Amino acid sequence: MTKWGREFEGMYLVWVGMRPFIFLYKSEAIQPLLSSSVHIDKSLEYQYLRPWLGNGLLTSTGDHWHCRRKLLTPTFHSGLLDVYLKTVIRESEILVSCLRNEVGKTEFDVVPYAKRAALDIICGESPICSFRHR
């Protein structure tokens, strides 16, 4: 897909059965969609997420989506994201270190590692989650 993105200059179409999927490889191509408050309808595939995720920001549209989006916008301030990125990098390095201990085994359960990494990332710099242990 990356190769096609480069070959077709950042945008290409793939038909899956009777459904067209447009892939945008360059940020310039997707920016108009991401900044639009008009093009917020979700594709058919999102209905399969609703039983698990409910009707939140990821799965909702219209006024419901707009209200949720306005509530979350301050969270994505670049200063906050910089701190969060440092946490993601640190915890990812810890995850890789733990997974190195599993190299050579025929199989192992990655779920406990992934759960722990996700929780550590979520709680990493959060003032509401001050208890951490290794």
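Reader: Start with Arg 90. Buried, partly exposed or exposed?
Author: Arg 90 counts as partly exposed, at 32% relative accessibility. Buried means under 20% relative accessible area, exposed means over 50%, and partly exposed is in between, with a 1.4 Å probe and protein chains only.

Reader: Before we go on, what am I looking at?
Author: This is a predicted model, where local features need pLDDT of at least 70, side-chain atom pairs count only at pLDDT 80 or more, and totals for chains, interfaces and linings use all residues. Residues are numbered from 1 along each chain as its sequence is written, and side-chain values use heavy atoms, with hydrogens and water left out.

Reader: Fine. Which side chain does Arg 90 meet in a salt bridge?
Author: That of Glu 91, at 3.5 Å, N to O. A salt bridge here is a side-chain nitrogen of Lys or Arg within 4 Å of a carboxyl oxygen of Asp or Glu. Glu 91 is buried, with a relative accessible area of 2%.

Reader: How many salt bridges does the structure hold?
Author: Four. Another of them joins the side chains of Glu 102 and Lys 105, at 2.8 Å, N to O. Glu 102 is buried at 9% relative accessible area, whereas Lys 105 is partly exposed at 47%.

Reader: And which residue does Asp 120 form a salt bridge with?
Author: Arg 116, with the closest N and O atoms 3.2 Å apart. Asp 120 counts as buried at 8% relative accessibility. Arg 116 counts as partly exposed at 32%.

Reader: Why are Asp 120 and Arg 116 separated by about one helical turn?
Author: Because they are four residues apart in helix H6. An α-helix has 3.6 residues a turn, so residues three or four places apart point the same way.

Reader: What span should H6 have, going by its residues?
Author: 18 Å, for the 13 residues of helix H6 (residues 111-123) at 1.5 Å a residue. The expected span is 1.5 Å times one less than the number of residues. The end C-alpha atoms of H6 are 18 Å apart, which agrees. Helices (H or I, at least four residues) and strands (E, at least two) are DSSP runs, numbered from the N terminus.

Reader: Which residues in H6 are buried?
Author: Ala 117, Asp 120, Ile 121 and Cys 123. The buried residues of H6 pack against helix H5 (78-100). Contact means heavy atoms within 4.5 Å.

Reader: Change of topic. What volume does the largest pocket have?
Author: About 960 Å³. Of its 28 lining residues, the closest to the centre are Leu 33, His 39, Asp 41, Lys 42 and Tyr 46.

Reader: How is a pocket defined?
Author: On a 1 Å grid over the protein atoms alone, a pocket is an open set of points where a 1.4 Å probe fits, with protein on both sides within 12 Å along at least five of seven lines. Lining residues have an atom within 4 Å of a point. Grid points are joined across faces, edges and corners, and the volume is the space filled by probe spheres set on the points.

Reader: Which element gives the largest share of the lining of the largest pocket?
Author: E2, with six residues. The lining of the largest pocket divides into 15 nonpolar, seven polar and six charged residues. Ala, Val, Leu, Ile, Met, Phe, Trp, Tyr, Cys and Pro count as nonpolar, Asp, Glu, Lys and Arg as charged, and the others, Gly among them, as polar.

Reader: Back to Asp 41. Where does Asp 41 lie?
Author: In the loop between H2 and helix H3 (50-53). Asp 41 is exposed, with a relative accessible area of 65%.

Reader: Now Phe 23. What is Phe 23 in contact with?
Author: Met 1, Gly 10, Met 11, Tyr 12 and Val 14, leaving aside neighbours within four places in sequence. Phe 23 sits in strand E2. Phe 23 is partly exposed, at 29% relative accessible area.

Reader: What does Lys 26 touch?
Author: Glu 9 and Gly 10, not counting residues up to four places away in sequence. Lys 26 lies in the loop between E2 and H2 and is partly exposed, at 39% relative accessible area.

Reader: Last one. What is phi of Glu 9?
Author: Near 55 degrees, a positive value in a residue other than glycine. Most residues other than glycine have a negative phi. Glu 9 is in the loop between helix H1 (2-7) and strand E1 (11-16), and counts as exposed at 66% relative accessibility.
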